[in-house]
Amino acid sequence: MTDERQTTYRIGPIRPPSEANSLLLQITEGCTWNRCKFCSLYRHESFKAFSVESIKKDIDVMAEYARIAQDNLMQDSPRNKRDALKILNNMTRTEQECYYFIYRWLAHGGENVFLQDGNSLAVKTERILEVLKYLREKLPSIKRITTYGRAETLSKISVEQYRQLKEAGLDRIHSGFESGSDRVLELINKGVTSEQEITAGRNIKAAGIELSIYFMPGIGGKSYSRENALETAKVVNAVNPDFLRIRSAVIHKDSGLWEDLMNSSFQLCSENDKLMEIRLLIENINNCKTFMVSDHIINLLQKVQGRLDLDREKMLSMTDEYFNMPEHRQKMFQYARRSGMATEPKDLELLSQDWINRITEMIQSITDEAQWDKIMNDMMINYI
Ligand code: SF4
């Protein structure tokens, strides 16, 4: 890898957890909006859309590494392995990173690709169509291509354009709706309305593209906790997305909402408030085949997930089991969960008496509920 050809490609840092084994192709960098009050992901970079030519060059490098990995490493011959090692030894560190990324991707089936970054569909549809076609042509093992999009951007794309994207190979769109309440959306400066969320969702679904939306219990603070759940349920009912992913709100110290918290214009939701929002949401969604997914450690009861039409009672009874525990035990579980000692309430049985005593002592020493909620929030910051 010493000639003048391009030998590395861009790899951005952000992708949904469900795309952990996907190949990441960066077609844009950053986010076009960058103003949500809870998000500091791309705060220090401005949005950039890469040219089709430069994306194609990245794809060419990926295809070349895929060829080497398949030819040399996927086969069981010691000679082929020796050849592969020779190639690897001549690579720079960045080239090796790019190569191993492809290798791992192929080892996981080489089927899924995620187009980065925060709002890739802001790019003109024709350009994305060209990238999709080239990508599928150069890496024929691909079975699924997904990307992120802001609901406001997504609402401006027509059904016909989505159909073209689907035909060219875009299978799923992830979108952080966060809330279906206009007041909450305004509070967090999301720059989108519930109406735009519904338009975006319906257009995507009408074109046959899968839709995965994200909901943030607790993002409206205590004042809008109930509304956050009830209004989001209305949006879900109107759209019937394929996936509804739960991301309980965590307020970061470098976010605008943290400033609001410090000047008391925003009040943190408790762990119980957030779980109650999830319960309310489940209760108020009707006739949706949506799969509710709890694929993040920040959710208190991660096992509360399932098809909203089929598993509703099971999910509700899991939350009720928690709410039926004495308050002291609920807090004990919250602390154990946030310390990584428990994933579900029954794990409390596994804790040593020494730990139980220590947690009990701590719970008794904190009598201010707002202080407790802040401690839980601060512990969760470590997870993101
Ligand atoms: S649209 Fe997404 S990436 Fe952009 S600022 Fe908001 S949350 Fe962050």
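**Reading a predicted model: ligand, helices and loops**

Author: The ligand of this structure sits in the largest pocket. The model is a predicted one.

Reader: I turn to the helices. What span should helix α12 have, and what do its end C-alpha atoms show?

Author: Helix α12 covers residues 312-323, which makes 12 residues. At 1.5 Å a residue these should span 16 Å, and the end C-alpha atoms are 17 Å apart, so the two values agree.

Reader: Which residues of α12 are buried, and which are exposed on the other side?

Author: Buried means under 20% relative accessible area, and exposed means over 50%. In α12, the buried residues are M315, L316, T319 and Y322. Seen down the axis of α12, the buried residues fall within an arc of 115°, and therefore they line one face of the helix. On the other side of this helix, E313 and E321 are exposed.

Reader: Why do residues three or four places apart in an α-helix point the same way?

Author: An α-helix has 3.6 residues a turn, so residues at that spacing point the same way.

Reader: How does the reasoning about span apply to helix α11, and which of its residues are buried?

Author: Helix α11 runs over residues 271-284 and has 14 residues. The buried residues of α11 are E271, K274, L275, E277, I278, R279, L280, L281 and I282.

Reader: Where is N287 found, and is it buried or exposed?

Author: N287 lies in the loop between α11 and β9 (291-293). Its relative accessibility is 76%, so N287 counts as exposed. N287 and F215 are 72 residues apart along the chain, and their C-alpha atoms are separated by 18 Å.

Reader: Where is L308, and is it buried or exposed?

Author: L308 is in the loop between β10 (306-307) and α12. With 3% relative accessibility, L308 counts as buried.

Reader: How far apart are L308 and N189, in sequence and in space?

Author: In sequence, L308 and N189 are 119 residues apart; in space, the distance from C-alpha to C-alpha is 29 Å. N189 has its place in the loop between α7 (182-187) and α8 (194-206). Its relative accessible area is 32%, so N189 is partly exposed.

Reader: The backbone angles remain. What is the phi of N189, and what is that of E178?

Author: N189 is not a glycine, yet its phi is positive, at about 55°. E178, also a residue other than glycine, has a positive phi near 65°. E178 belongs to strand β6 (residues 172-178). At 8% relative accessibility, E178 counts as buried.

Reader: Which residues does a cis peptide bond join?

Author: A cis peptide bond joins Q116 and D117, with omega at about 20°. D117 is located in the loop between β4 (112-116) and α4 (125-138).

Reader: Finally, where is Q161, and how far are its C-alpha atom and that of A151 apart?

Author: Q161 has its place in helix α6 (residues 159-168). Since its relative accessible area is 24%, Q161 is partly exposed. Q161 and A151 are 10 residues apart along the chain, and their C-alpha atoms are separated by 15 Å.

Methods: Residues numbered from 1 in each chain as written. Predicted model: local features only at pLDDT ≥ 70, side-chain atom pairs only at ≥ 80, totals over all residues. Heavy atoms only, no water. 1 Å grid on protein atoms, 1.4 Å probe; cavity = no way out; pocket = protein on both sides within 12 Å on 5 of 7 lines; lining within 4 Å. Sits in = over half its atoms within 2 Å of the grid points. Helix = DSSP H or I, 4+ residues; strand = E, 2+ residues; numbered from the N terminus. Expected span 1.5 Å × (residues − 1). Buried < 20%, exposed > 50% of the residue type's maximum accessible area, 1.4 Å probe, protein only. Arc of directions from axis to C-beta.
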